[in-house]
Amino acid sequence: MVTTGLGSSLAYLLSRAERSVNRGLAAALTAEDVSVEQWRILRALADDCGHSMGDLAETVLMPHPTLTKAIDRLIDRAFVYRGHDPADRRRVAVFLADRGAELLARVEGAIAEHHREIEAAYGTERTEQLMSELERLVKALNEGPAERPPTERLAGPPGRLAERFAERDGTAVPALRS
């Protein structure tokens, strides 16, 4: 395990993994001239519920202005359309068009093959475990500290508490690592 330099940063390692995964995903989507971000939008809209731009931006992990441009491009290609939100007719929602659903059906095999390639390289069980652990990480990071048990709010292994908190008698201890 790398413990120095950029390789010791969880954020860096997650970014490298994302780039590697997305590179393969982009290759799987090139035949249809669809970007990874556009594919995420189409997949999110495949639930046929219609989504507000704010909800969609959060779901597909895109800043609102970038999402607006991507939606406009998808509308130009007749993959999505804007309409009234079924829950509130005063609001506009984005929906998957029939052409967008057809596109998703066409790329489904390439996406599944990409996933199989990851499993072949990393192992099916390890891939499933990694996905599960990443879901847990996201959930833990999105929960407020009040929602986690006190022991889970502490950084690092439990045996290192002395390094994190000064003793009551004022003995100096090493500072928190960032």
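Helices H3 and H4 are roughly perpendicular to each other, a label for angles of 65 to 115 degrees (under 35 is roughly parallel, over 145 roughly antiparallel, and the rest oblique). Their axes come within 10 Å and cross at roughly 100°, with H3 covering residues 53-60. The model is predicted: local features need pLDDT of at least 70, side-chain atom pairs count only at pLDDT 80 or more, and totals for chains, interfaces and linings use all residues. Residues are numbered from 1 along each chain as its sequence is written, and side-chain values use heavy atoms, with hydrogens and water left out.

**Overall make-up**

- The chain has eight helices and two strands, where helices (H or I, at least four residues) and strands (E, at least two) are DSSP runs numbered from the N terminus.
- Starting at the N terminus, the order of elements is α-α-α-α-β-β-α-α-α-α.
- The chain has 178 residues, and 24% of them count as buried; buried means under 20% relative accessible area, exposed over 50%, and partly exposed in between (1.4 Å probe, protein chains only).
- Of the contacts between residues at least 6 apart in sequence, 36% join residues at least 24 apart, a contact being heavy atoms within 4.5 Å.

**Helix packing**

- Two packed helices are described by the angle between their axes and the distance between the axes.
- Axes are lines fitted to C-alpha atoms, for helices over the stretch in contact, and angles run from 0 to 180 degrees between N-to-C directions.
- On the H3 side, Met53, Gly54, Leu56, Ala57 and Val60 meet His64, Leu67, Thr68 and Ile71 of H4.
- This contact of H3 with H4 has six nonpolar, three polar and no charged residues; Ala, Val, Leu, Ile, Met, Phe, Trp, Tyr, Cys and Pro count as nonpolar, Asp, Glu, Lys and Arg as charged, and the others, Gly among them, as polar.
- Helix H2 (residues 36-45) packs against H4 (residues 64-76) at an angle of about 80°, and their axes are 10 Å apart.
- That angle makes H2 roughly perpendicular to H4.
- Gln38, Ile41 and Leu42 of H2 make this contact with Leu67, Ala70, Ile71, Arg73 and Leu74 of H4.
- The residues in the contact of H2 with H4 are six nonpolar, one polar and one charged.

**Salt bridges**

- The structure holds five salt bridges, each defined as a side-chain nitrogen of Lys or Arg within 4 Å of a carboxyl oxygen of Asp or Glu.
- One of them joins Glu32 and Arg106, whose closest N and O atoms are 3.0 Å apart.
- Glu32 lies in the loop between helix H1 (10-29) and H2 and Arg106 in helix H5 (residues 98-122), so this pair ties together parts 74 residues apart in sequence.
- Glu32 is partly exposed at 22% relative accessible area, and Arg106 is partly exposed at 47%.
- Asp72 pairs with Arg82 in another salt bridge, with 2.8 Å between the closest N and O atoms.
- Asp72 sits in helix H4 and Arg82 in strand E1 (residues 80-85), ten residues apart, and the pair links distant parts of the chain.
- Asp72 is partly exposed, at 32%, as is Arg82, at 38%.
- Arg116 and Glu113 also form a salt bridge through their side chains (3.0 Å, N to O).
- Arg116 and Glu113 are three residues apart in helix H5, a separation of about one helical turn.
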